Amino acid sequence: MQSVIVYGGRGALGAAIVNFFKQQAWRVISIDIAANTSADHSITVSPDHDLPQQGQHVQSQLAAFLQGSQVDAVLCVAGGWQGGNAKSADFLTNADLSIKQSINTSIIAANLAALHMRQGGLLALTGAVPALDGTPGMIGYGMAKAAVHQIVKSLAMDGSGVEGNVVGILPVTLDTPGNRAGMPGADTSSWTPLDEVAQLLYKWADAQDKCESGRLYKIITENAVTRIE
């Protein structure tokens, strides 16, 4: 049975990915601050722990579950959006949260892939299209996502420790319940359905479609049609 790790498996996108891979009869391992009971195995992480503590906890829990077996894919879709420029009262708090949600989770996911993913497997991390340029109104978020882009490029190079394909997915706006609640009346024709992302990652993980290691793939939806660039 093929296996996938979904880091951020309790969030809106992560839950959709967990469900999609389960429908394809994959063994699914979820990692998040809360359990996903739809997964075959769920590892919970305390947000109060620092990066080494979180990483060590995940490693020990995963090793005990896998018992020496390997996974075919590691998909990190953990994260969250925070706004704020350098004058914002919550600028430092939001920057710190962005680092924890996007950078730390990506680093742990990379470590899991290096230790537990089969040769030729897929590691996918989540960046963001706006972070390809400056983000003055959301500096912490843009910084964190730009760091994820750099991590993807580094991991795809020889000597990184990951022996597989490493890609970044860069959504713009995902069609999540949270976004619909937060932006009522918005034009959702440019929002990407969660299943579109799940299907894309599944086809890459299952080698139905090829992906280029080291590439940052923009996921663009216009007039309810999604394309990958």
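**Entry 1**

Is D40 buried, partly exposed or exposed? I looked up its relative accessibility, and at 39% D40 counts as partly exposed. The classes are: buried under 20% relative accessible area, exposed over 50%, and partly exposed in between, with a 1.4 Å probe and protein chains only. I note that this is a predicted model, in which local features need pLDDT of at least 70, side-chain atom pairs count only at pLDDT 80 or more, and totals for chains, interfaces and linings use all residues. Residues are numbered from 1 along each chain as its sequence is written, and side-chain values use heavy atoms, with hydrogens and water left out.

I then checked the partner of D40 and found a salt bridge with K22, with the closest N and O atoms 2.9 Å apart. D40 lies in the loop between strand 2 (27–32) and strand 3 (41–44) and K22 in helix 1, so the pair ties together parts that are 18 residues apart in sequence. A salt bridge here is a side-chain nitrogen of Lys or Arg within 4 Å of a carboxyl oxygen of Asp or Glu. Helices (H or I, at least four residues) and strands (E, at least two) are DSSP runs, numbered from the N terminus. K22 counts as partly exposed, at 31% relative accessibility.

**Entry 2. Other salt bridges**

I recorded six salt bridges in the structure. R118 forms one of them with D72, the closest N and O atoms being 2.7 Å apart. This pair links distant parts of the chain, since R118 is in strand 5 and D72 in strand 4, 46 residues apart. I found D72 buried at 11% relative accessibility, whereas R118 is partly exposed at 28%.

I also examined R227 and E222, whose side chains meet in a salt bridge at 2.9 Å, N to O. R227 is partly exposed with a relative accessible area of 33%, and E222 is partly exposed with 43%. E222, R227 and E229 are linked in a network of salt bridges.

**Entry 3. Helix 6**

I turned to helix 6, which spans residues 194–205 and has twelve residues. From its first C-alpha to its last it reaches 17 Å, close to the 16 Å expected at 1.5 Å a residue; the expected span is 1.5 Å times one less than the number of residues.

Which residues of helix 6 are buried? I listed L194, V197, A198, L200, L201, Y202, W204 and A205. What covers these buried residues includes helix 1 (12–23), strand 4 (71–76), strand 5 (117–126), strand 6 (164–171), strand 7 (216–222) and strand 8 (225–228). Contact means heavy atoms within 4.5 Å.

**Entry 4. Strand 6 and its neighbours**

Strand 6 is part of the cover of helix 6, and I found it mostly covered itself, with seven of its eight residues buried. It pairs with strand 5 in the parallel sense over six bridges, where two strands pair if DSSP finds at least two bridges between them. In this pairing, L122 stands opposite N165 in strand 6. Strand 6 and strand 7 also pair in the parallel sense, over four bridges. P171 stands opposite I219 in strand 7.

**Entry 5. Positive phi values**

I looked for backbone angles with a positive phi. A207 has a positive phi of about 60 degrees although it is not a glycine. A207 is found in the loop between helix 6 and strand 7. At 64% relative accessibility, A207 counts as exposed.

I noted A224 as well, where phi is near 65 degrees, a positive value in a residue other than glycine. A224 has its place in the loop between strand 7 and strand 8, and at 62% relative accessibility it counts as exposed.

**Entry 6. The chain as a whole**

I closed with the overall values. The chain has six helices and eight strands, and its pattern along the sequence reads β-α-β-β-α-β-α-β-α-β-α-α-β-β. With 229 residues, a compact globule would have a radius of gyration near 17 Å, and the chain agrees at 17 Å. That radius is taken over C-alpha atoms, and the globule rule is 2.2 Å times the number of residues to the power 0.38. The C-alpha atoms fill a box of roughly 50 × 40 × 35 Å along the principal axes.

Buried residues make up 46% of the 229 residues. Of the contacts with a separation of 6 or more, 65% are between residues 24 or more positions apart.
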